[in-house]
Amino acid sequence: MSSPQAYAGIRVSGCWALGAEGSSGGSSNAESLDRLLPPVGAGRSPRKRTTSQCKSEPPLLRTSKRTIYTAGRPPWYNEHGTQSKEAFAIGLGGGSASGKTTVARMIIEALDVPWVVLLSMDSFYKVLTRQQQEQAAHNNFNFDHPDAFDFDLIISTLKKLKQGKSVKVPIYDFTTHSRKKDWKTLYGANVIIFEGIMAFADKTLLELLDMKIFVDTDSDIRLVRRLRRDISERGRDIEGVIKQYNKFVKPAFDQYIQPTMRVADIVVPRGSGNTVAIDLIVQHVHSQLEERKLRWDLAALASAHQCHPLPRTLSVLKSTPQVRGMHTIIRDRETSRDEFIFYSKRLMRLLIEHALSFLPFQDCVVQTPQGQDYSGKCYAGKQITGVSILRAGETMEPALRAVCKDVRIGTILIQTNQLTGEPELHYLRLPKDISDDHVILMDCTVSTGAAAMMAVRVLLDHDVPEDKIFLLSLLMAEMGVHSVAYAFPRVRIITTAVDKRVNDLFRIIPGIGNFGDRYFGTDAVPDGSDEEEGGSVG
């Protein structure tokens, strides 16, 4: 193989020739550069894409099957309700554009285990001064030096993720060379994959990694990939990319990155094209998860729900003739929308009033208008906050406001990615200082419990005590009740009815239909889903 320096000179002139005809626009240059690259994973049949986001926005949480959410406790907790063992952390190092992210995604896909999070080192570039910003604009700032990264933030972030805690991760804009205003929230997982050019450049960081993989790709391939990426995704021109490569990227690789190959447990030549190495990595990770008891027998755990009595934290509204009559009306497919809304609201009011009886009350004495003392009860908490899981959960807000004066309201939007089957947190708005409140978490139907579990997790990350969370739903499936109760044994679960079964698509049987569609008058999905418009897995 020719030296990178010699190759760069040859390839540079070729790139200029490819971009000379017509304009020097980035898209045409990038398309021409595509022809110089070997196909990714040559010789392997393409796998189904499992992430819907690009590298600049790595997936928050990756799961392989919907059924994992019915398998019991999430990975952060063991069967006793305490913190489980630390996650298994994989480090992926290698030169710029060596294919680290592609290898990471191939590992994620091949692992086929629940709860995997991908953390990119690209998110942790330091905030530049104004002078450094000007240097970066003229390709005179070295982004390939260890000093360009915020290692303190990387280390603290990875430590928290390994402990199962949520973290805030900055979002870096490579066009403006700055951090965006909003940060992304990541949640702990069974497996954490941390990838970056300096993944092995810090001793403390190395100690956090359970497995270290170096992706070794030929320098010519890396250069072409970098040209294509920086031109098409970051708005750069070829001259600037080449200048930066020769001045900073290649020297940094020789000085800081390539020497870290010696600390790697596994070196993957040819990157994503080396399917044999990736398969070996996956086998090793599986064996490590077995040792840590982090792999679950999903079928066994799912069937185990059927063997357990309903949890003591569940409270079902007494099935009086009135309540059963209202259920008959809202479950009837022939019921008009107006009647469905009317009787649903009546049930919601009864449900919320029933739920309020579980709030703490203390003795208090007041004077009546006749001047007599009356020994009564007063709410013993600080504040009641309602949090609705959009969209169906918001239909319960008016009933809550009708019986709770000055109640605060928050909202959470959780949707299932239709390509991956993953619940994803899309929107969050919670009142300030919610940690001292009793929280009424509202969702109209709960089938598998996935959306409810994620919503509870979000509340816990905002320091709401588990025993101050009340999950309310008009209808639940036994599977969802068991899942939530097993994951969060101190959350009070309150509903008007529990159905025994879910079908193969995780729809409640006999069920109520798609509550959101019936309530808002929108078109129903073809399968008659029991889930809300957000597509949450219950």
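Visitor: Is helix 14 mostly covered or mostly uncovered, and how many of its residues are buried?

Guide: A residue is called buried when its relative accessible area is under 20%. In this predicted model, 11 of the 12 residues of helix 14 are buried, so by that cut-off the helix is mostly covered. Among the buried residues are Ala-450, Met-453, Met-454, Arg-457 and Leu-460.

Visitor: How do the axes of helix 11 and helix 12 cross?

Guide: Angles are taken between N-to-C directions and run from 0 to 180 degrees. The axes of helix 11 (residues 321-331) and helix 12 (residues 337-356) cross at roughly 145° and come within 9 Å. Their crossing is left-handed. Residues that meet there include Val-323, Met-326 and Ile-330 of helix 11, and Phe-340, Leu-347 and Leu-350 of helix 12. By class, the contact has 8 nonpolar residues, 3 polar and 1 charged.

Visitor: Is Ser-473 buried or exposed?

Guide: Ser-473 belongs to strand 16, residues 469-473. Its relative accessibility is 0%, so Ser-473 counts as buried. A polar atom of its side chain lies 3.0 Å from the backbone oxygen of Leu-475.

Visitor: Beyond four places in sequence, which residues are in contact with Ser-473?

Guide: They include Leu-351, Asp-443, Cys-444, Ile-494 and Thr-496.

How values were computed:
Residues numbered from 1 in each chain as written. Predicted model: local features only at pLDDT ≥ 70, side-chain atom pairs only at ≥ 80, totals over all residues. Heavy atoms only, no water. Helix = DSSP H or I, 4+ residues; strand = E, 2+ residues; numbered from the N terminus. Left-handed = near helix turned anticlockwise from the far one by under 90°. Contact = heavy atoms within 4.5 Å. Nonpolar A, V, L, I, M, F, W, Y, C, P; charged D, E, K, R; others polar. Buried < 20%, exposed > 50% of the residue type's maximum accessible area, 1.4 Å probe, protein only. Polar contact = N/O pair within 3.5 Å; in protein donor to acceptor, adjacent residues only side chain to side chain.
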